[in-house]
Amino acid sequence: MKKTGSKTLFIGLAAIAISAMIVGISVSASGGELFGKQEASDEQSTNRFMTIDETLRKIYGDNATLGTPSKDELLGKYEKCDRWFIKKGIGNTIVYRHQRMIDNATVAGDYINYQFDKDTKELKKKIIHWRDDLPEHLPPVIPKEEAESLVRGEVQFTTLYFILPDTPVFPIEPAPEENPCWAVSYADDKGYNIDVII
């Protein structure tokens, strides 16, 4: 086990962690089903997703929503999957973004992004960054609590990542060769810091 210190833009990392958290919450809240457990009533499922939508809007703005291609007519024309996408209007563009996850680990740098014209609904751009050298499921990792115990300071949040070797989010020299890694954000007398626990 190795601990690597890294100072980074706290806000940028927080946004990535929160994106992963929202996707994780929606998946865990749905119990592995697209829109709630089969035995749950429609009202219970709606209440669960309203809470997620409220959280999403606090982070990404009032016009951000979370959904799957099967529930979104525009995105459904291009995607035939059960992945979760954040939808947001930005100027004259409708943007859909999916953050790749492997089990409960965020795959830093891997995403799917669709951009549509707001008026014509024409596809303006599609961007996919998806590595093919990663496992389908998580390998064994140390527990989150153990990773948090290795930092000195008040833990703010902890996220499990597959770190991209040349990522600007974790400017670590040398880049970690082992993945996934725990990124533990903490506050101490020097401010906010990130330690990457390998």
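This is a predicted model: local features need pLDDT of at least 70, side-chain atom pairs count only at pLDDT 80 or more; totals for chains, interfaces and linings use all residues.

Q: Then is Thr-93 buried or exposed, and why?

A: Thr-93 has a relative accessibility of 9%, and because buried means under 20%, Thr-93 counts as buried.

Q: Where is Thr-93 in the chain?

A: Thr-93 belongs to strand β4, which covers residues 93–102.

Q: And which residues is Thr-93 in contact with, leaving aside its neighbours within four places in sequence?

A: They are Lys-88, Gln-115, Phe-116, Lys-118 and Lys-124. With Lys-124 there is also a polar contact between the two side chains, at 2.8 Å.

Q: Let me step back. How many helices and strands does the protein chain have?

A: There are 4 helices and 9 strands. In sequence order, the pattern reads β-α-α-β-α-β-β-β-β-α-β-β-β.

Q: How much of the chain is buried?

A: Of the 198 residues in the protein chain, 40% are buried.

Q: What about contacts between residues at least 6 apart in sequence: what share joins residues at least 24 apart?

A: That share is 54% in the protein chain.

Q: Which residues make up the largest nonpolar core?

A: The largest nonpolar core has 12 residues: Ile-102, Ala-105, Val-107, Leu-134, Ala-147, Val-151, Leu-160, Phe-162, Trp-182, Val-184, Tyr-186 and Ile-197. Two or more of these residues come from each of β5 (105–117), β7 (154–162) and β8 (181–188). The largest share, 3 residues, is from β8.

Q: New topic: charges. How many salt bridges are there in the whole structure?

A: The search finds 3 salt bridges. As background, side chains of opposite charge can pair when their charged atoms come close.

Q: Let us take Asp-72 and Lys-87. What is the N to O distance there?

A: The salt bridge between the side chains of Asp-72 and Lys-87 has an N to O distance of 3.4 Å.

Q: Which residue forms a salt bridge with Arg-100?

A: Arg-100 pairs with Asp-110, and their closest N and O atoms are 2.8 Å apart. This pair links distant parts of the chain, with Arg-100 in strand β4 and Asp-110 in strand β5, 10 residues apart. Arg-100 is buried at 9% relative accessible area, and Asp-110 is buried at 0%.

Q: And where does Arg-131 come in?

A: The side chain of Arg-131 meets that of Asp-110 in a salt bridge of 3.3 Å, N to O. Because Arg-131 lies in the loop between β6 (123–129) and α4 (144–149) and Asp-110 in strand β5, the pair ties together parts 21 residues apart in sequence. Arg-131 and Asp-110 are both buried. Through shared partners, the salt bridges join Arg-100, Asp-110 and Arg-131 into one network.

Q: Last topic, the rings. How many aromatic pairs does the structure hold?

A: There are 5 aromatic pairs. In one of them, the ring centres of Tyr-78 and Phe-116 are 5.3 Å apart and the planes stand at 55 degrees, so this pair is tilted. Tyr-78 is in the loop between α3 and β3 and Phe-116 is in strand β5, 38 residues apart.

Q: What are the relative accessible areas of Tyr-78 and Phe-116?

A: Tyr-78 is partly exposed at 37%, and Phe-116 is buried at 0%. Phe-116 also pairs with Tyr-114: their ring centres are 6.1 Å apart and their planes are at 10 degrees, so that pair is stacked. Tyr-114 is buried, as is Phe-116.

Q: Which residues do the ring pairs link into a cluster?

A: The cluster holds Tyr-78, Phe-85, Tyr-96, Tyr-114 and Phe-116.

Notes
Residues are numbered from 1 along each chain as its sequence is written. Side-chain values use heavy atoms; hydrogens and water are left out. Buried means under 20% relative accessible area, exposed over 50%, partly exposed in between (1.4 Å probe, protein chains only). Contact means heavy atoms within 4.5 Å. A nonpolar core is a set of buried Ala, Val, Leu, Ile, Met, Phe, Trp, Tyr and Cys residues joined through side-chain atoms within 4.5 Å. A polar contact is a pair of N or O atoms within 3.5 Å; within protein, one must be able to donate a hydrogen and the other to accept it, and residues adjacent in sequence count only if both atoms are side-chain atoms. A salt bridge is a side-chain nitrogen of Lys or Arg within 4 Å of a carboxyl oxygen of Asp or Glu. Rings of Phe, Tyr and Trp (its six-membered ring) pair if their centres lie within 6.5 Å; planes under 30 degrees apart count as stacked, over 60 as edge-to-face and the rest as tilted.
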